[in-house]
Amino acid sequence: MNKRTTCPYCGVGCGLIADPTDTQEHIAKLTGDQQHPANRGRLCVKGSSLHETLGMETRLLKPQLYGNEVDWEQALDEVAERLQRCIREHGPDSVAFYVSGQLLTEDYYVANKLIKGFLGTANIDTNSRLCMSTAVAAHKRVLGSDTVPGCYQDLELADLLIITGSNMAWTHPVIYQRIAAAKQARPEMRIVVIDPRRTATADIADLHLDLAPGSDASLFTGLFSHLLASDALDHSFIDKHTEGFEDAQHRSRAAAMDLATTAQRCQLDREKLQTFYDWFTQTEKTVTVFSQGINQSINGVSQASTILHCHLATGRIGKPGACPFSITGQPNAMGGREVGGLANQLAAHMDIENPAHRRIVGNFWGSDRLPVRPGLKAVELFDAVADGKVRFIWIMATNPVVSMPEADKIKKALTNCDCVVVSDCVADTDTLRLADIRLPAAGWGEKDGTVTNSERCISRQRAFLPLAGDAKPDWWIITAVARRLGLGKQFPYQCAADIFREHALLSGQDNAGGRDFDISGLAMLDNDAYDQLAPTQWPYPVAARAGRARMFEDGRFFTRSGRAQFVDTTPCQAYSSDKRWPLVLNTGRIRDQWHTMTRTGLSARLQQHVPEPFVELHPDDMARLGIQPQQLVQVRNELGSCTVKARATTAQQTGTAFMPIHWNDCFTTAARPCVLIESRFDAISGQPAFKQTGVAVSPLPCRWHATLISRHRIDLPTHVYWSSRRNTDWHITTLAGDCDLDIATLKTQWASPGRTWAEMDDGSGDEIRLLAYDHNKPVIWFASQRETAPDIDEPWLVAAMHATTLNALQLAAGRASGQLASGALVCSCHQVRESTIVDAIVSGCRSVESVGEKTRAGTNCGSCIPEITALLTTSSTTTTLSTKTSTTTATATTENVC
Ligand code: SF4
């Protein structure tokens, strides 16, 4: 039966319809839900590839204790016993939970209730700390509550849309496409993109401000000063609805950020800056979307607060097409905020340090053990693990060994921790490898509950597949442990709906409109009504008939006085470069991957857009450093080193570098950028600064480069680099090494009974081709050569390996006779490669639309349109495709995340 559900990736929160066609094999058709308000049927390529990630091949199917499979009884007994023993021997603060924006709200609620309500500590934090805790802190300081004021429609209604610190085209593609459509319908709508890199998002921008890395605080402080100097203020709004404006004026005067100073600090062209200021000053309907580029900074809260100040000073909040808008990275970062998933919050947007809030929550939960002070935030929490202060940690649905700054320190800390429990749906992650106790959690298609997207819209995730193996929902696992701790009465839940009702009821406790988060109107849903719950924006108090799209329409804020606050925004010392590590490394997401690839890494088509880990550099820096495109390089500093391929792009400023956050030890040798990132964080929010890290980049000499295609993962020859991915049933591994390579050794290494071989060697070992056959079917294809990786046509070769009609010599060539390679994959949805698009352009297509008509590229999710645009530009002067140069577009390929 078809089920409506919600995409598990980004904070857009698109609706999907799932049609399970084979529940035993976990096969389902997935389509965009036309009725969901976030996407109206659209999906990006990640969402439309979800069906490729449902299989059970990589799932954790049984609980494991110290490496041995056990049943749930044994596993849960052990978790409860280790937890109790740790508290008994070392006190409540010796235990911690580290959870995730991937959890459903119901899972999150139960985890938070257990630790904050009954274990005597507030040591629970979430990977959302890495993503949006800065926005939370800024909202609370300025607006009095963690409230996103606007809705997605505001982004379409704005006459001026400012996108800062976000490559939405790739990180929130469906919203970006909605904006692009709005711009096409109203070309007079202006879009400003603020980003040191020229990302895909800048393609629809009227103005791209390529400011110096880390200078956002200066830019918005300068904007605020300009609003004051030009008296572009809404005095009535300021007088009636805000406090602290005079102090803000004094601080602004003291900062003396006039146009010239701001332009100089941001290294921006003065005219461009003036244009931005003029547009902001003149445009009533202005929305400022901000994300990780603002949040992931030691000045994050100051930066976000200044953005909010600019909107308050001009009265642009709570109106259609006018608001600041923090867009969240994860599917349920907002739900986590609602139930108090951050160490400094209580449930239902209440504060741990507020005695009245503690009383409300304590009474409601029937507990007098609520901690009176916040728990440890993510960086502090893992520091406490490293110091032996936290001795028991339960990590749920996240991979901190990849995603936390100083990731190798996290690895060491977990290795030495007394007890590490990890709940996850997959069997292998960098973090799971360090777990003492592994608990199999339900996968996306098996989970039932709710998530909240970036516009406060609560949507149901509905199970459409049976639980894989012995997997259980996270809420069930936590509840079962709580019962073993003698808390059966407090944790009586039989289903997710039971938890949702309690969560909704708590939000309305002693809440006569004084707190923003109130969904008590949903507390009476019975199981059927919960099952059928349609997407609903909060707040939704008792007697509400609909959710609310926009907040603060009446100018009343959730502060004691009801007025918004102009707060101190003095930024601390920004990043300054170190001569030893002269390049400023930025990190972020790429179009077709999500987080640490545990799910997107299963999709063959998502693997093909950018198949290997990389660092992007400006061509001038590459020339200066003696680095060729696609050459292996080391990116390093005093904390660690990564081995990745170099890509040249003018989208990077000189002196800067960019690495994606996704690759990890399960997919490649060494490409976790977080091993390079120092644990610096914003003093208020605790959010780490992932965007500016000093590194050096140098070529990595290799004696050979190779491609290995195999039916199964097999032992690799001695190497300095490997990177593996899937293409249909085949594992594709690229390798490089610095020792001698010979066919005899490879054949010994890969020997198998009955296996036959075809081999070609140029005699010097410079070029090797080796094919292995089992029962006349090719099972291994290997090619190595001296200077660069073999130039193969991967789609052709994989198809040829399946077909088995070609002889060894034809297969060994790696491409069809006389054919050029088909180039990089551009359109993942329709699997259209660069050569097809270039052919279309050469044959006369002169627009994205005509390329789409001829090739289908760009006609589904639209995420590849910036790349098609770049090909249209470059191919207008070049009519043949060079297959030997790396794919370099004028558009950066990446963005940020938690
Ligand atoms: Fe999922 Fe893409 Fe929608 Fe984000 S934009 S929720 S990744 S389909």
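## A buried histidine in a loop

At 3% relative accessibility, His26 counts as buried, and in this predicted model the residue is found in the loop between strand S2 (15-22) and strand S3 (27-32). Residues up to four places away in sequence not being counted, His26 touches Leu54, Gly55, Met56 and Arg59, and also Glu446, Leu465, Pro466 and Ala468.

With neighbours within four places in sequence left aside, the contacts of Thr126 are Tyr98, Val99, Ser100, Gly101, Tyr108, Gly341 and Leu342. Thr126 and Ala812 are 686 residues apart along the chain, and their C-alpha atoms are separated by 49 Å.

## The barrel and its strands

Six strands close into a barrel, and their order is S21-S25-S22-S24-S23-S26, with mixed pairing. On average, and with direction ignored, neighbouring strands of this sheet are turned by 45 degrees against each other. In general, strands of a sheet pair through backbone hydrogen bonds, either parallel or antiparallel. Strand S21 (residues 583-588) pairs with strand S26 (residues 693-699) in the antiparallel sense over three bridges, and within this pair Val584 has Gly694 of S26 as its bridge partner.

Strand S24 (residues 640-648) is mostly covered, eight of its nine residues being buried. With strand S22 (residues 614-617), S24 pairs in the parallel sense over four bridges, where Glu616 has Arg647 in S24 as its bridge partner. With strand S23 (residues 632-637), S24 pairs in the antiparallel sense over six bridges; here Gln634 stands opposite Thr643 in S24, and a hairpin joins S23 to S24 through two residues.

Strand S18 (residues 457-461) is largely enclosed by the rest of the structure, because five of its five residues are buried. Both faces of S18 are covered, with Cys457, Ser459 and Gln461 buried on one side and Ile458 and Arg460 buried on the other.

Strand S17 (residues 449-452) runs antiparallel to S18 and is joined to S18 by four bridges, in which Thr452 has Ile458 as its bridge partner. The hairpin of S17 and S18 has four residues between the strands, and in this hairpin Arg456 takes a positive phi near 65 degrees. S18 is also joined to strand S19 (residues 536-537), by two bridges and in the antiparallel sense, and there Ile458 stands opposite Thr536 in S19.

## Nonpolar cores

The largest nonpolar core has 66 residues, of which Phe97, Phe392 and Trp394 touch the most other members. A second, separate core of 64 residues includes Ile175, Met334, Ile837 and Cys861.

Phe392, one of the residues that touch the most other members of the largest core, is in contact with Val79, Arg82, Leu83, Cys86, Ser94, Val95, Ala96, Phe97, Cys417, Cys419 and Val421, its neighbours within four places in sequence being left aside.

## Helix H28

Helix H28 (residues 834-842) has as its buried residues Glu834, Ser835, Ile837, Val838, Ala840 and Ile841, and one of these, Ile837, is also included in the second core. Just after H28, Gly844 takes a positive phi of about 125 degrees.

## The ligand shell

Around the ligand are the residues Cys7, Tyr9, Cys10, Gly13, Cys14, Leu43, Cys44, Gly47, Pro173 and Val174. Sorted by class, this shell holds eight nonpolar and two polar residues, and no charged residues.

Key: Residues are numbered from 1 along each chain as its sequence is written. This is a predicted model: local features need pLDDT of at least 70, side-chain atom pairs count only at pLDDT 80 or more; totals for chains, interfaces and linings use all residues. Side-chain values use heavy atoms; hydrogens and water are left out. Two strands pair if DSSP finds at least two bridges between them. Axes are lines fitted to C-alpha atoms, for helices over the stretch in contact, and angles run from 0 to 180 degrees between N-to-C directions. A nonpolar core is a set of buried Ala, Val, Leu, Ile, Met, Phe, Trp, Tyr and Cys residues joined through side-chain atoms within 4.5 Å. Buried means under 20% relative accessible area, exposed over 50%, partly exposed in between (1.4 Å probe, protein chains only). Contact means heavy atoms within 4.5 Å. A residue is near a molecule or strand if one of its heavy atoms lies within 4 Å of it. Ala, Val, Leu, Ile, Met, Phe, Trp, Tyr, Cys and Pro count as nonpolar, Asp, Glu, Lys and Arg as charged, and the others, Gly among them, as polar.
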